[in-house]
Amino acid sequence: MDFVFASLIFILILGFTAISYSNYLDAYKITESKKSLEASALSISEALIKSTGYPRNWEQNVSGLSVLGLAGSENENVLDLNKVAAFNTLSYNTTRDLFGIDNDYFISIKSVDGISFFSKGTEYADNSSVAIERLVRFNQSICRLTVRLYG
Amino acid sequence: MDSSQNHRSPVFSRKGQVFTVEALLGSLLFMIFIWSLASFVSNSKTDSWSIAQEKLADDALIVLDKNGTLATLNSTLISQELARMLGNSTSFRMEIKTSNYTNSGFVNLSETSFGSSIPDEKGLSVAERGFISSFNGSVSNYSIARLYLWR
């Protein structure tokens, strides 16, 4: 009787902990995956708005491009019109390789008043996606550069 | 038969109690591990969000500086631009300390602050930026702007 009682308590606790462990493990995996995506999106946005790219005048010869950056020379957070136009001519897969990601992405530049200046990639509904917004100056306007990555 | 049962029963019963206590202790340790994991997961969620918020505060100050709004030292104009950039979901408070450089070093000219009152809670992002104001082509004032953001 004691053994049966002890086994019953043990099985109940074991079952409860197993379910809790499974739930937390799932939550942990989702959080870690989102955290990793957020870090990638933040890193891409940082490179785009703070760096001119490499070589610095890559927009004049996109075949030599090795690091993607959209900032004008010595102008963090101020995007260069020619670099944005050149970015638009690059193929989607080339840009993914340059960003070092396998995920789908969507990048847009919109003025804070809602006027759309640029977008690349396809935007679609996905709960696992993350978006990072950065404030920049582009085309004489204050704009939001959004980098969305899909899981 | 009876004497054998009487002889084994206390030992059997004691073993049952030991198993139960061991099972409870083991499960308790396991639950502590799971709760620690859950706590870590919820904390790591906050980290990536606060980094993005700090980047947003930093971006806002850079853009205000680049488009010359900060240098005007006009609190109404700066407030309007910040409200446009950040939208309704983000509140802010700005502090600007302005100094003049004389023969005896930096002299404090003014300290102004505007925006909403800073809430007494976590989730506050802060960015700081130094900038200069010019008058007739020469530097007239040195200022430090500190921007607080929260949701």
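What share of the 151 residues in chain B is buried?

1. Buried residues, meaning those under 20% relative accessible area with a 1.4 Å probe and protein chains only, make up 32% of chain B. This is a predicted model, in which local features need pLDDT of at least 70 and side-chain atom pairs count only at pLDDT 80 or more, while totals for chains, interfaces and linings use all residues. Residues are numbered from 1 along each chain as its sequence is written, chains are lettered from A in the order in which they are written, and side-chain values use heavy atoms, with hydrogens and water left out.

2. Chain B has three helices and four strands, taken as DSSP runs (H or I of at least four residues for helices, E of at least two for strands) and numbered from the N terminus; along the sequence they follow the pattern α-α-α-β-β-β-β. Of the contacts in chain B (heavy atoms within 4.5 Å) with a separation of 6 or more, 56% join residues 24 or more positions apart.

3. The largest nonpolar core has 29 residues, and those with the most contacts inside it are A:Leu48, A:Leu79, A:Phe87, A:Phe99 and A:Ile107. Such a core is a set of buried Ala, Val, Leu, Ile, Met, Phe, Trp, Tyr and Cys residues joined through side-chain atoms within 4.5 Å. Helix 1 (2-50), helix 2 (81-89), strand 3 (105-111), strand 5 (130-138) and strand 6 (141-149) of chain A each supply at least two of its residues, and helix 1 of chain A gives the most, with six. Apart from this core lies another, of 23 residues, among them B:Ala57, B:Ala60, B:Phe114 and B:Ala145.

4. The contact between the chains takes 36 residues from chain A and 35 residues from chain B. The buried area, which is the accessible area (1.4 Å probe) lost on putting the two parts together and summed over both, is about 3,000 Å², of which carbon and sulfur atoms give 71%. In chain A, A:Tyr24, A:Leu135 and A:Ile142 lose the most area to chain B, together 19% of what that side buries.

5. Across this interface the rule finds four salt bridges, each a side-chain nitrogen of Lys or Arg within 4 Å of a carboxyl oxygen of Asp or Glu. B:Arg84 forms a salt bridge with A:Asp113, with the closest N and O atoms 2.9 Å apart.

Methods: Buried < 20%, exposed > 50% of the residue type's maximum accessible area, 1.4 Å probe, protein only.
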